[in-house]
Amino acid sequence: LAVAALGGGVLAAAASVSGALIEGTLATRISDLGPDGVRVWWTMFLLSTGATLLGLCVLIGATAIICLQRHLFARWFAVLSAVLALASMVGACTIGYDTDGIQVVAGIAILLDTVWILLVSIFLWRDPALALP
């Protein structure tokens, strides 16, 4: 599970960086792209968002399983992590489904994933004796 979490983190980071590069490069010339170019840009944006969410789903899901097995963090946090992994999986469907509902779920999932990463960082930064349930 640790290797899966690491792989998910690497996938999320790589997809996020490549998506930022694509968006930054094309956003400077968005008026020159035309309708077909904008459609390609939007597809690439959805692909990078979906790949980022897929990597975060693996990372958060593996962490949730480890937390439930080893009691690394509180049980409520592990259960919420599992629910967030499921939301990230639904949000990752932006790759194949271009609907507004899934895009809203993807946006919310990315925000909540960011908060989750911040919380895990705080939990790991604190005194280990305080982190035990």
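Start with the largest pocket, which holds about 210 Å³ of space. A pocket here is found on a 1 Å grid over the protein atoms alone, as an open set of points where a 1.4 Å probe fits, with protein on both sides within 12 Å along at least five of seven lines. Its volume is the space filled by probe spheres set on the points, which are joined across faces, edges and corners. This is a predicted model, in which local features need pLDDT of at least 70 and side-chain atom pairs count only at pLDDT 80 or more, while totals for chains, interfaces and linings use all residues. Residues are numbered from 1 along each chain as its sequence is written, and side-chain values use heavy atoms, with hydrogens and water left out.

**Stop 1: the pocket lining**

Select Trp76, Phe77, Leu80, Val83, Leu84, Ala87, Leu112, Val115, Trp116 and Leu119 to show the lining; a lining residue has an atom within 4 Å of a grid point. Which helices supply at least two residues each to this lining? They are H3 (75–91) and H4 (100–125), and H3 gives the most, with 6 residues. Colour the lining by class and you will find 10 nonpolar residues, no polar ones and no charged ones. In this scheme Ala, Val, Leu, Ile, Met, Phe, Trp, Tyr, Cys and Pro are nonpolar, Asp, Glu, Lys and Arg are charged, and the others, Gly among them, are polar.

**Stop 2: the whole chain**

Now zoom out and switch to a cartoon. The chain has 5 helices and 0 strands, in the order α-α-α-α-α from the N terminus on. Helices (H or I, at least four residues) and strands (E, at least two) are DSSP runs, numbered from the N terminus. Of the 133 residues, 32% count as buried, meaning under 20% relative accessible area; exposed is over 50%, and partly exposed is in between (1.4 Å probe, protein chains only). Among contacts with a separation of 6 or more, 72% join residues 24 or more positions apart; a contact means heavy atoms within 4.5 Å.

**Stop 3: the largest nonpolar core**

Select Leu56, Leu59, Ile60, Phe73, Phe77 and Trp116. These have the most contacts inside the largest nonpolar core, which has 16 residues. Helices H1 (2–27), H2 (30–70), H3 and H4 each supply at least two of the core residues, and the largest share, 6 residues, comes from H2. A nonpolar core is a set of buried Ala, Val, Leu, Ile, Met, Phe, Trp, Tyr and Cys residues joined through side-chain atoms within 4.5 Å. In soluble globular proteins, nonpolar side chains tend to be buried together.

Stay with Phe77, in helix H3. Phe77 is buried, at 3% relative accessible area. Beyond its neighbours within four places in sequence, Phe77 is in contact with Trp116, Leu119, Val120 and Phe123. Draw a distance from Phe77 to Leu119: the two are 42 residues apart in sequence and 9.7 Å apart, C-alpha to C-alpha.

**Stop 4: around Ile60**

Show what Ile60 touches, leaving out residues up to four places away in sequence: Ser81, Leu84, Ala85, Asp113 and Trp116. Ser81 lies in helix H3 and is buried, at 1% relative accessible area. With neighbours within four places set aside, Ser81 is in contact with Ile60, Ala64 and Trp116.

Not counting residues up to four places away, Asp113 touches Leu53, Leu56, Ile60, Leu84 and Ser88.

**Stop 5**

Select Ala62 in helix H2; Ala62 is buried, at 4%. The phi of His71 is near 55°, a positive value in a residue other than glycine.

**Stop 6: the cysteines**

How many disulfides are there? The count is 0, where a disulfide is a pair of cysteine sulfur atoms within 2.5 Å. Select Cys93 and Cys57: the sulfur of Cys93 has its closest cysteine sulfur in Cys57, 9.7 Å away, so the two are too far apart for a bond. Cys93 is partly exposed, at 30% relative accessibility, whereas Cys67 is buried, at 3% relative accessible area.
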